[in-house]
Structures are given as structure tokens and as C-alpha cells.
Amino acid sequence: MLSDEQIERYSRQIILPQVGGKGQEQLLRSRVLVNSNSTIHIAALHYLAAAGVGTIGIVTSAPSPLWAALEASSSQDPFQVLARLNPDCKIIMYAEKELRSPHQFVKNYDIVLADTDLLHDACWAAKRSFLYASVSAEEAYLMHCCGDAPETACLRCTSFSPTVQQQTDKPLMEIWALFIGAHLATEAIKHLLALPCLARGTALRFQTPILGCIEETVEKSNNCILFHE
Ligand SMILES: [Zn+2]
């Protein structure tokens, strides 16, 4: 049951027929795990917290320039900044070295937003959805990988390397990463609300300078090292 304060906080999205009071309660019960080492994921974290996702787990590794700026601009820990953004949102932090049994770990979450092979493979082992996003000067890419649908393509079936967006010396406009971060959070929220979202095993490919996008089906690869059947 939503409190009066929560009804006021989320009023603009509660009045959407796709959300409603029940959808908002669902979001507050939801658990999302986010890998935090890119601007895309830090942007997504803010949108998820603002939308009222009840529990957000954050795996930290190398901080991005934006994360460092957030840290420098606040007297408080950046995770406290997120918690302050929405007191309904419980933030749980993990160091990367804590992921000793990653598939057991990701089982505690409804969906994972990350860019590492480790978490991607763990989602397939735990039959969880994994949302991948990357951005470069030429293109951005967002893919919904479904660990519970082995007949669909996974990230390893593609030519995309999770390391692309971790190369912080490459040319990039931060606004592109924020744009893709908003898309990433939107896909996660649609998944949590069981609304139509990016189809399983498909991807959105954006031409970065104009941010026009096309949807494409990713074919399952026979050379993929993951077990698909
Ligand atoms: Zn695969």
C-alpha cells in the first residue's frame, strides 16, 4: 500500500495507465543490480532511483569521470546522494571482489544492467535478464539478453566487446552516454512492469552523432561458448 507521501512523490507516473498504483508498488518491490563504472550506468542509476525502484545493488570498480565529479561536488558519499534523491530506494554496494559466486549473487535481483562478461554469464546461469549498453563516437548499442530464454542470442553471440565503453580515453560526448543511460533505465523499468520492451535477444543500434536508431534481431551464434539449448 502506497503512503500519501509516495502517492505525491510518484503522482506523475502513477496516473499513467501503464503504471498505476499497482505498478508503482511493483517498482518499489523490485531489485535491480547495476555495474557502476560507466557514465551510461551512473545515469541509469539516477533514473531508476527517481522512478522508485525499491532496491538497487551497485557493483563498483574503476570510477568514471562523472562518478568522480559527483563525489567531488558533494560532501557526502555518492551513494548517499542517490539515497537522498529518493528515500524509498535502498542502495546496496558491493566491491567487485565480492562476486565470488556471481550466479548465486544475481539470483537476488530481477534484472542486471552491466557491461562485464562476468555478470552477463552469471545472468545466463541464474536465468535472469541482462541489459547491455555501450557507446562510442560512431555508434551506441543496447541489447536485451535473456538468461531464461536459451534459444535467443546472448552478448557473446555478437561481435560487441564489453570493453568498448570502458576505454575512457576514446572521443565521446557525455550527452550520448546520458541518452543511452535513459534508454537503459527505461528498458529496465518496462521489464519490471511487464510492459512490452525490447524483444528478447534483440538490440537497438544508434548512429551516435544523430542518435537515430534501428532495431535488429541478433542471431544466435554456433560458435558461442555459452550453452544455448
Ligand atoms: Zn551466445
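How many of the 13 residues of helix 4 are buried? Ten are, so helix 4 is largely enclosed by the rest of the structure. The model is predicted: local features need pLDDT of at least 70, side-chain atom pairs count only at pLDDT 80 or more, and totals for chains, interfaces and linings use all residues. Residues are numbered from 1 along each chain as its sequence is written, and side-chain values use heavy atoms, with hydrogens and water left out.

**View 1. Helix 4, residues 39-51.** Helices (H or I, at least four residues) and strands (E, at least two) are DSSP runs, numbered from the N terminus. From first C-alpha to last, helix 4 reaches 19 Å, close to the 18 Å expected at 1.5 Å a residue. That expected span is 1.5 Å times one less than the number of residues. Buried means under 20% relative accessible area, exposed over 50%, and partly exposed in between (1.4 Å probe, protein chains only). The buried residues include Thr-39, Ile-42, Leu-45 and Leu-48. Gly-52 follows helix 4 and has a positive phi, near 95 degrees.

**View 2. Leu-48 and its contacts.** Contact means heavy atoms within 4.5 Å. Neighbours within four places in sequence aside, Leu-48 is in contact with Val-32, Val-34, Val-53, Ile-56, Leu-113, Ala-185, Ala-188 and Ile-189.

**View 3. The largest nonpolar core, of 35 residues.** A nonpolar core is a set of buried Ala, Val, Leu, Ile, Met, Phe, Trp, Tyr and Cys residues joined through side-chain atoms within 4.5 Å. Val-32, Leu-48, Ile-56, Leu-113 and Leu-184 touch the most other members. Elements that give two or more residues include strand 1, helix 4, strand 2 and strand 4 (111-113). Helix 9 gives the most, with eight residues. Another core lies apart from this one; its 27 residues include Val-106, Trp-124, Tyr-141 and Met-143.

**View 4. Arg-31 in strand 1, residues 31-35.** Arg-31 is partly exposed, with a relative accessible area of 27%. Beyond four places in sequence, Arg-31 touches Thr-55, Ile-92, Asn-108, Tyr-109, Asp-110 and Ile-111. A polar atom of the Arg-31 side chain lies 2.6 Å from the backbone oxygen of Asn-108. Arg-31 and Gly-54 are 23 residues apart along the chain, yet their C-alpha atoms are separated by 6.3 Å.

**View 5. Thr-55 in strand 2, residues 55-60.** Thr-55 counts as buried, at 10% relative accessibility. Residues up to four places away aside, Thr-55 touches Ser-30, Arg-31, Val-32, Lys-90 and Ile-92.

Technical notes. A polar contact is a pair of N or O atoms within 3.5 Å; within protein, one must be able to donate a hydrogen and the other to accept it, and residues adjacent in sequence count only if both atoms are side-chain atoms.
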